[in-house]
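Reader: I am new to this structure. Please show me how to read it, feature by feature.

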Amino acid sequence: MLLEVRNLSAGYKSQGKEIEAVKNVSFSLDENDFLGIAGESGCGKSTLLFSILRLLKRPGEIFDGEVFFKGEDILKMDEETLRKKRWKEFSLVTQSAMNALNPVYKIKDQIMDVILEHSDYTKIEALEIIERVLQMVGIQKERMDSYPHQLSGGMKQRVAIAMALVFSPSLVVMDEPTTALDVVVQRSIMEQIDEIRNTNKFSMIFVTHDISLLFEISKRIAIMYAGELVELGQTKQVYLNPLHPYTSGLINSFPKLTKETKEYKGIPGKIPDLSKPIIGCSFKERCQNRKELCNTRPEFKEVIPGRWVACHFPL
Amino acid sequence: MKYLREKIVFFIIALLSALIINFVLPRLMPGDPAERILLKMGGDIQPEAVEAMRIALGVDKETPILKQFFSYLKNTLTFNFGISYSYYPVPVKDLILDALPWTIGLVGISTLISFVLGTALGIRAGWNRNKPIDSFVTISSLIIRGFPYFWLALILLYVFGFLLNLFPLSNAYSTHEFLKGWKFFGSVIYHGFLPGLTLVLASLGTWILTMRNNMVSVLSEDFILVAEAKGLKDKDIMNKYAARNALLPSVTSFGLSLGYIVGGALLTEIVFSYPGIGYLMYKGVTSQDYPLMQAIFFIISLSVLIANFMLDFVYMFLDPRTRG
């Protein structure tokens, strides 16, 4: 077990109001795993990620829970110990990798600083590593003397990914890394990541609102709704046989390439206001199968080995 | 290099415009400078004397305006500004050369101290945003900035100069004893302390607030989050990632304020009777000394333009995005 998240709750405090953006989330991740987390904008995906990495900034706050990474609780670790583990053990690719690079330094200097910070390599050795990781994502080594503004969006994203891989960490967290790119570039980057994962083994948490992309590439998938995980399982099984009505609604809401075009449906209603307490199941307002029991909160439990769902009446 | 060429062309055009305006303005003003000088000397004015004075000043009716302009251009660019009316017959050039070092010394050093100190404090305040140190620094800056600076000068002069008698009331160095070497230097510092303090205090708040706000907005950028995820030391994130980017807008304002150093700090120099350009300009204006005013305006425009030009160079090194 590489990573285990237990009952994690986090959110934002402002003017006495508490908004719980992540509620009681638990899941685990094995070595060489690929977990996709999907959910609508504002469902707490990014808050969850930043909480796991302990990067949540004020007014954001972790309220409760544990995050075990290789058996140690990241949330309780002292800051200096954690700082030394960062990037070597787990790294991050952010939402708009366009802005993930410092505009005033050359590409090589931004990768260099993290190598020199966490290792005893000399500058010359570091340059070789930089060359190698850039080549891995398909960027010519001459490009390392460029400044970020001289690269295209796709190239910046590749550089950000290369940077995340310099130490071959066991966990790479990606927060919507391809959202800002067009589908063609998105595809080529995803293929690149796939290829790298075949040679360098590492686990990946990949967060996106693009659920169809996740169904295509991820090994396991988690569906998030209003701050909670509502379903988790092997991607293929979740796709073929969704257990939560929300998952099934999502799957029906995008067209399938292989099947005939038929009318596809959306999910009526909208995501509940997280600043107000939600009684019972958070999806009940929009659910067609709701019953009396849905006014009590459903537990997120394993129904079949490897399949977790938070619903009183799984489909 | 395209960027550089553009900047040089801009510099030349701006300088030429300043020169033309400086040439036209005094000629649009009512009255006759020759008569004015002679009036000051008193007595009867003979028409021949007026005509002779006009020729001496280069504004006689026979010389065509274009010829006047070219001789003005030639004189100005060789720093031959003519003769002062109010300090007749001292050349304007000498007056300016006397006043310039004092102003550059006083205002230049104060501006530099204020910029460095304010920026350093602003970095700390922005980095520790919403913590007590930030609130303290920000609120004090707002209060200091609220004082009108001539009022600050008057208060400092009254309290430390007059009541407590700790500092001199006027001048840039001791005028009643002859000092040499380090003694003279000490006297200059002693005399410059209060005006310098006024200038530092007057602008410190603005530097602090500018830098603090730049820091706060840079800190919300993604590359700061990534720097933190990279596990870099706080010191490196603060300096190399946050402050390095937040500094860029402050450098622009610093460059602009460098240009205004030569213009002097008019009110401060007046309050402290400091023999700088500001004080000289004040005297020139009150005694309608047109050659002096014209020369000072030219020197000010020139220094603003040169400062801007140098700033563009510095910026090219600081921000790779301007190199194109």
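Author: Begin in a loop. A:Pro59 sits between helix H1 (45-52) and strand E4 (60-69) of chain A. Helices (H or I, at least four residues) and strands (E, at least two) are DSSP runs, numbered from the N terminus. Two notes on the ground rules. This is a predicted model, where local features need pLDDT of at least 70, side-chain atom pairs count only at pLDDT 80 or more, and totals for chains, interfaces and linings use all residues. Residues are numbered from 1 along each chain as its sequence is written, while chains are lettered from A and ligands numbered from 1 in the order in which they are written.

Reader: What is the peptide bond from A:Arg58 to A:Pro59, cis or trans?

Author: Most peptide bonds are trans, and most residues other than glycine have a negative phi. The bond from A:Arg58 to A:Pro59 is cis, with omega near 5°.

Reader: Which residues other than glycine have a positive phi?

Author: A:Glu176 is one of them, with phi of about 45°. A:Glu176 lies in the loop between strand E7 (171-175) and H6 of chain A. A:Ala226 is another, with phi near 50°. Look for A:Ala226 in the loop between strand E9 (220-225) and strand E10 (228-234) of chain A.

Reader: Is A:Glu176 buried or exposed?

Author: Count neighbours. A residue is buried if 20 or more other C-beta atoms lie within 10 Å of its own, exposed if 12 or fewer, and partly exposed in between, with C-beta atoms placed from the backbone. A:Glu176 has 20 other C-beta atoms within 10 Å, so A:Glu176 is buried. A:Ala226 has 22 within 10 Å, so A:Ala226 is buried.

Reader: What does A:Ile278 touch?

Author: Contact is a distance test: two residues are in contact if their C-beta atoms, placed from the backbone, lie within 7 Å. A:Ile278 touches A:Ala226 and A:Pro272, leaving out residues up to four places away in sequence. A:Ile278 and A:Ala226 are 52 residues apart in sequence, and their C-alpha atoms are 9.6 Å apart. A:Ile278 is in the loop between helix H9 (245-252) and strand E11 (301-304) of chain A. It counts as partly exposed because it has 18 C-beta neighbours inside 10 Å.

Reader: How do H5(A) and H6(A) cross?

Author: Compare their axes. Axes are lines fitted to C-alpha atoms, for helices over the stretch in contact, and angles run from 0 to 180 degrees between N-to-C directions. The axes of H5 (residues 153-164) and H6 (residues 183-199) of chain A come within 11 Å and cross at roughly 20°. That makes H5(A) roughly parallel to H6(A). Angles under 35 degrees count as roughly parallel, over 145 as roughly antiparallel, 65 to 115 as roughly perpendicular and the rest as oblique.

Reader: Which residues meet there?

Author: A:Gly154, A:Gln157, A:Arg158 and A:Ile161 in H5(A) meet A:Val185, A:Ile189 and A:Ile193 in H6(A). By class, this contact has four nonpolar, two polar and one charged residues. Ala, Val, Leu, Ile, Met, Phe, Trp, Tyr, Cys and Pro count as nonpolar, Asp, Glu, Lys and Arg as charged, and the others, Gly among them, as polar.

Reader: At what angle do H9(B) and H10(B) cross?

Author: The axes of H9 (residues 222-229) and H10 (residues 234-261) of chain B come within 10 Å and cross at roughly 155°. That makes H9(B) roughly antiparallel to H10(B). Their contact has six nonpolar, no polar and one charged residues.

Reader: How many helices and strands does each chain have?

Author: Chain A has nine helices and 12 strands. Chain B has 13 helices and zero strands. Buried residues make up 42% of the 315 residues in chain A, and 32% of the 324 residues in chain B.

Reader: How many residues of chain A are in contact with chain B?

Author: 22 residues of chain A are in contact with 16 residues of chain B. H3(A) supplies the largest share of chain A's side, four residues. That side divides into 10 nonpolar, seven polar and five charged residues.
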